[in-house]
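Dear colleague,

Please find below the structure that I am handing over to you. My notes on what was found in it follow directly after.

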Amino acid sequence: GPREGERPSAYILVLGDTEINKTYGIDPGIALQSILLGATERGLGGCIIASVQKESLRRDMDIPPQFEILYVLALGKPLEQVRIDALGTDGDIKYWRDSEAIHHVPKRSLDDIIVS
């Protein structure tokens, strides 16, 4: 995981109650995206994690068996500034950091990805 001093301030566990339903569709993802958008507005950062050691987490958190662990959301104050940049003419999508440690993320424009 992240080094000491770089770890998230909080984790949110997203659980599915198997006594209510066995499948959850995209609702948990929509909920997590909404939480992340709100967190970003408040200057926080986060990461949705699906690949976790679920049985170990279940034991450590004493989660009853009826609940399926769907996701973990890590939240905290970002250590770096991230800037979304327009994709260059070379089409390179590799992330990079400048001399001021700003993390640049090239993205395609909406005009390039929307099919009309």
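Residue I113 belongs to helix α3, which covers residues 110-113. Together with L110 and I114, I113 makes a nonpolar surface patch of about 330 Å². Please bear in mind throughout that this is a predicted model.

An open sheet is formed by 3 strands, arranged in the order β4-β6-β5, and their pairing is mixed. Because β4 (82-86) and β5 (96-97) stand at the edges and each have a single partner strand, one side of each has no neighbour in the sheet. Strand β6 (residues 103-107) pairs with β4 in the parallel sense, and 5 bridges link the two. Within this part of the sheet, D85 is found opposite P106 of β6.

The remaining findings concern the largest pocket. How much space lies in it? The volume comes to about 910 Å³. The lining of this pocket consists of 26 residues, and those that lie nearest its centre are G45, G46, C47, A74 and P78. Among the elements that contribute to the lining, α1 (27-41), β2 (45-49) and β3 (67-76) each supply at least two residues. Sorted by class, the lining of the largest pocket holds 13 nonpolar residues, 9 polar residues and 4 charged residues.

With kind regards

Methods. Residues are numbered from 1 along each chain as its sequence is written. This is a predicted model: local features need pLDDT of at least 70, side-chain atom pairs count only at pLDDT 80 or more; totals for chains, interfaces and linings use all residues. Side-chain values use heavy atoms; hydrogens and water are left out. On a 1 Å grid over the protein atoms alone, a cavity is a set of points where a 1.4 Å probe fits but cannot get out, and a pocket is an open set with protein on both sides within 12 Å along at least five of seven lines; lining residues have an atom within 4 Å of a point. Grid points are joined across faces, edges and corners, and a volume is the space filled by probe spheres set on the points. Helices (H or I, at least four residues) and strands (E, at least two) are DSSP runs, numbered from the N terminus. Ala, Val, Leu, Ile, Met, Phe, Trp, Tyr, Cys and Pro count as nonpolar, Asp, Glu, Lys and Arg as charged, and the others, Gly among them, as polar. Two strands pair if DSSP finds at least two bridges between them. Patches are made of residues with over 30% relative accessible area and no salt bridge: like charges are joined within 9 Å, nonpolar side chains (Val, Leu, Ile, Met, Phe, Trp, Tyr) within 5 Å. Accessible areas come from the Shrake-Rupley method with a 1.4 Å probe; for residues, only the protein chains shown count as cover. A salt bridge is a side-chain nitrogen of Lys or Arg within 4 Å of a carboxyl oxygen of Asp or Glu.
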